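User: Please examine the model below and answer some questions on its helices, surface and charged pairs.

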Amino acid sequence: MVSMLQIRSSLATFLTRALLLYCGVQSFRSVDSNGWRSDNSWLVFWVIYAMLQYLEIFADFLLYNLPMYYEFKFLFYAYLALGGGATMLYSQVGQSLLKQATRNLAILAKHPAVEPKLTLAREQLQALQQKFAHAKGN
């Protein structure tokens, strides 16, 4: 027998996916338009969404056991996408976190143990790009 909790969480998950599909369509329309403000707001939404998805990886064992987690997740994403929450959250928290992370990654990339591996990865990527370009040309 399917419980009411399972039905609610399934419905909330469906609604969240429908909302993300809507956001994707709006992002596509925004890219095709001439307004940079619209592009910027959707870009900010996707940056915040990606950050939250990353954090969710580490907190999933706590979050998934919370009552009404999926319902609150849907409401929060709706607020981010439709209520201007993404822009507000980015300006108050996300921007400073991303700037700090970018500085830390730049420092890490210059570390003697990491730099040669990054150089090798770049060279391999360039070789793959050349192979793809060659194959596409034929």
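User: In which helix does I57 lie?

Analyst: The model is a predicted one. I57 is exposed, with a relative accessible area of 53%. The helix that holds I57 spans residues 36–63 and is α2.

User: What accessible area do Y54, L55, I57 and F58 have together?

Analyst: Y54, L55, I57 and F58 form a patch on the surface, and the patch is nonpolar. Their accessible area together is about 460 Å².

User: How are α3 and α4 oriented to each other?

Analyst: The axes of helix α3 (residues 69–82) and helix α4 (residues 85–109) come within 5 Å and cross at roughly 85 degrees. On the α3 side, F76, Y79 and L80 make the contact, and on the α4 side G85, A86, M88 and L89 do. Angles of 65 to 115 degrees count as roughly perpendicular. The orientation of α3 and α4 is therefore roughly perpendicular.

User: How many residues apart in sequence are the parts that E71 and R8 tie together?

Analyst: A salt bridge joins the side chains of E71 and R8, at 3.0 Å from N to O. E71 lies in helix α3 and R8 in helix α1 (residues 4–32), so this pair links parts whose separation in sequence is 63 residues.

Conventions. Residues are numbered from 1 along each chain as its sequence is written. This is a predicted model: local features need pLDDT of at least 70, side-chain atom pairs count only at pLDDT 80 or more; totals for chains, interfaces and linings use all residues. Side-chain values use heavy atoms; hydrogens and water are left out. Patches are made of residues with over 30% relative accessible area and no salt bridge: like charges are joined within 9 Å, nonpolar side chains (Val, Leu, Ile, Met, Phe, Trp, Tyr) within 5 Å. Accessible areas come from the Shrake-Rupley method with a 1.4 Å probe; for residues, only the protein chains shown count as cover. A salt bridge is a side-chain nitrogen of Lys or Arg within 4 Å of a carboxyl oxygen of Asp or Glu. Helices (H or I, at least four residues) and strands (E, at least two) are DSSP runs, numbered from the N terminus. Buried means under 20% relative accessible area, exposed over 50%, partly exposed in between (1.4 Å probe, protein chains only). Axes are lines fitted to C-alpha atoms, for helices over the stretch in contact, and angles run from 0 to 180 degrees between N-to-C directions. Angles under 35 degrees count as roughly parallel, over 145 as roughly antiparallel, 65 to 115 as roughly perpendicular and the rest as oblique. Contact means heavy atoms within 4.5 Å.
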